[in-house]
Amino acid sequence: KILMSSEPKEVDGLCADQTFTINSEFKSQHRKVPLHTTTQKDASDDATMKLVNTDRKHAIQAAIVRVMKARRTIAHSNLIAEVFSQLRSNFKPTVQDIKKNIDNLI
């Protein structure tokens with residue numbers, strides 16, 4: 001046993017003034033060996049990320065076009081905020097991605 005009780009057990013459990021000590025003589029018969037597992041990076045993960053990035057790019061560009069058709073003229077910061085608010089429900093685009101897609105559309 002790992003813990004040793006200094007007083008005998010009561011019938012219904014532990015009492016409040018009961019103390020325990022650690023048994024330094026305890027030795028486990030089971031050996032614990034740490035196993036370090038490595039995850040393999042699949043080629044399908046890369047292909048999936050490329051598809052996701054292209055889908056996001058198209059979604060950002062579509063949101064930019066929708067906002068510009070509705071507003072005709074809009075300040076750059078307001079355009080970014082509007083695109084961000086439209087795409088917030090699908091994913092969280094970065095400002096750099098929005099700016100890059102604005103430049104691609106121009």
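This is a predicted model: local features need pLDDT of at least 70, side-chain atom pairs count only at pLDDT 80 or more; totals for chains, interfaces and linings use all residues.
A few ground rules come with it. Local features need pLDDT of at least 70 and side-chain atom pairs count only at pLDDT 80 or more, while totals for chains, interfaces and linings use all residues. Residues are numbered from 1 along each chain as its sequence is written, and side-chain values use heavy atoms, with hydrogens and water left out.

Let's start with Asn-101, which sits in helix H3 (residues 95-105). Helices here are DSSP runs of H or I with at least four residues, numbered from the N terminus. Asn-101 counts as buried because its relative accessibility is 5%; buried means under 20% relative accessible area, exposed over 50% and partly exposed in between, with a 1.4 Å probe and protein chains only. Ile-98 and Ile-102 of H3 are buried along with Asn-101. These residues lie on the same side of H3, because they cover an arc of only 105° around the axis, taken from the directions from the helix axis to the C-beta atoms. The face turned away from that buried side carries the exposed residues Gln-96, Asp-103 and Asn-104.

**The core**

Ile-98 and Ile-102 also belong to the largest nonpolar core, which has 11 residues, among them Ile-60, Ile-64 and Phe-91. Helix H1 (43-71), helix H2 (76-87) and H3 each supply at least two of its residues. Such a core is a set of buried Ala, Val, Leu, Ile, Met, Phe, Trp, Tyr and Cys residues joined through side-chain atoms within 4.5 Å.

| Residue | In contact with |
|---|---|
| Asn-101 | Lys-57, Ile-60, Gln-61 and Ile-64 |
| Phe-91 | Arg-56, Ala-59 and Ile-60 |

**The pocket**

Asn-101, Phe-91 and Ile-60 turn up again in the lining of the largest pocket, together with residues including Asn-53, Pro-93 and Asp-97. H1 and H3 are the elements that give two or more residues to this lining. By class, the lining has 3 nonpolar, 4 polar and 5 charged residues.

**A loop residue**

Finally, look at Arg-72, in the loop between H1 and H2. Arg-72 has a positive phi of about 65°, although it is not a glycine. With 66% relative accessibility, Arg-72 counts as exposed.

How values were computed
Contact means heavy atoms within 4.5 Å. On a 1 Å grid over the protein atoms alone, a cavity is a set of points where a 1.4 Å probe fits but cannot get out, and a pocket is an open set with protein on both sides within 12 Å along at least five of seven lines; lining residues have an atom within 4 Å of a point. Ala, Val, Leu, Ile, Met, Phe, Trp, Tyr, Cys and Pro count as nonpolar, Asp, Glu, Lys and Arg as charged, and the others, Gly among them, as polar. Lists of a residue's contacts leave out its neighbours within four places in sequence.
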